[in-house]
Amino acid sequence: RAPRSQGRSVAFAVTAMLATALLLTMPWIAAPLAAQGDRWEQQVARGLERTTQSLQARGYRAAGAPVTGMLFVDESERLEIPVSGTAEYLLVGTCDDDCSRLSLVISNPTGYEVDAVRGPGNAPIVKVGPPMLPGMYRVTVTMAGCRVSPCRYGVATYVRRGGRGPR
């Protein structure tokens, strides 16, 4: 027979799982809770939202969901994005207000560096445009400067088909 406290732990775990499942099936409750995040996540989300609006006016559309995370100073994260050989891609980074420098580097499938932003600033943009080698491109995100670590960041990919469009 299980000790009395273990039975309560199991009952609590089952209750917590049921409550979570119930919340996730009610989008009018789950969406606002998920959207709240902390203030640093909200800063990143607002930065990506402004970028999306600006780039849509220039003929770009979001290619998938943005990637977000947090990094300490001089830490990096690698992402991969699929790239066709006929579209133009912009990768836009942004970070929270404590971030002073975010770097983005994009390399093609053979490892050749296609574009990079390593200088000062917290909203780098790298571009991959036709003609190019199709395949999986590697994006390295580096938190090069952060006043209060860790800093939150976001990277969004935008695509414009057929090369050049309105600027």
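Leucine 48 lies in helix H3, which covers residues 39–56. The model is predicted.

**Leucine 48 and its surroundings**

- Leucine 48 has a relative accessibility of 6%, so it counts as buried. The cut-off for buried is under 20%.
- Leucine 48 touches Pro66, Val92, Thr94, Gly154, Ala156 and Tyr158, leaving out residues up to four places away in sequence.
- One of these contacts is Val92. Leucine 48 and valine 92 are 44 residues apart in sequence, yet their C-alpha atoms are 8.0 Å apart in space.

- Strand S5 spans residues 99–107 and pairs with S6 over four bridges, in the antiparallel sense.
- Isoleucine 106 stands opposite aspartate 115, a residue of S6.

**Salt bridges: the network**

- Side chains of opposite charge can pair when their charged atoms come close.
- Lysine 127 and glutamate 88 form a salt bridge, with their closest N and O atoms 2.9 Å apart. The pair links distant parts of the chain: lysine 127 is in strand S7 (residues 125–128), and glutamate 88 is in strand S4 (residues 87–95), 39 residues apart.
- Glutamate 88 also forms a salt bridge with arginine 160, and here the closest N and O atoms are 2.4 Å apart. Arginine 160 sits in strand S9 (residues 151–161), 72 residues from glutamate 88 in strand S4.
- Glutamate 88 counts as buried because its relative accessibility is 3%. Arginine 160 is buried too, at 3%. Lysine 127 is partly exposed, at 32%.

**Salt bridges: a pair in another place**

- Glutamate 113 and arginine 118 meet through their side chains in a salt bridge, 2.7 Å from N to O.
- Glutamate 113 has a relative accessible area of 36%, so it is partly exposed. Arginine 118 is partly exposed as well, at 46% relative accessibility.
- Shared partners join Glu88, Lys127 and Arg160 into one network of salt bridges.

Notes
Residues are numbered from 1 along each chain as its sequence is written. This is a predicted model: local features need pLDDT of at least 70, side-chain atom pairs count only at pLDDT 80 or more; totals for chains, interfaces and linings use all residues. Side-chain values use heavy atoms; hydrogens and water are left out. Two strands pair if DSSP finds at least two bridges between them. Helices (H or I, at least four residues) and strands (E, at least two) are DSSP runs, numbered from the N terminus. Buried means under 20% relative accessible area, exposed over 50%, partly exposed in between (1.4 Å probe, protein chains only). Contact means heavy atoms within 4.5 Å. A salt bridge is a side-chain nitrogen of Lys or Arg within 4 Å of a carboxyl oxygen of Asp or Glu.
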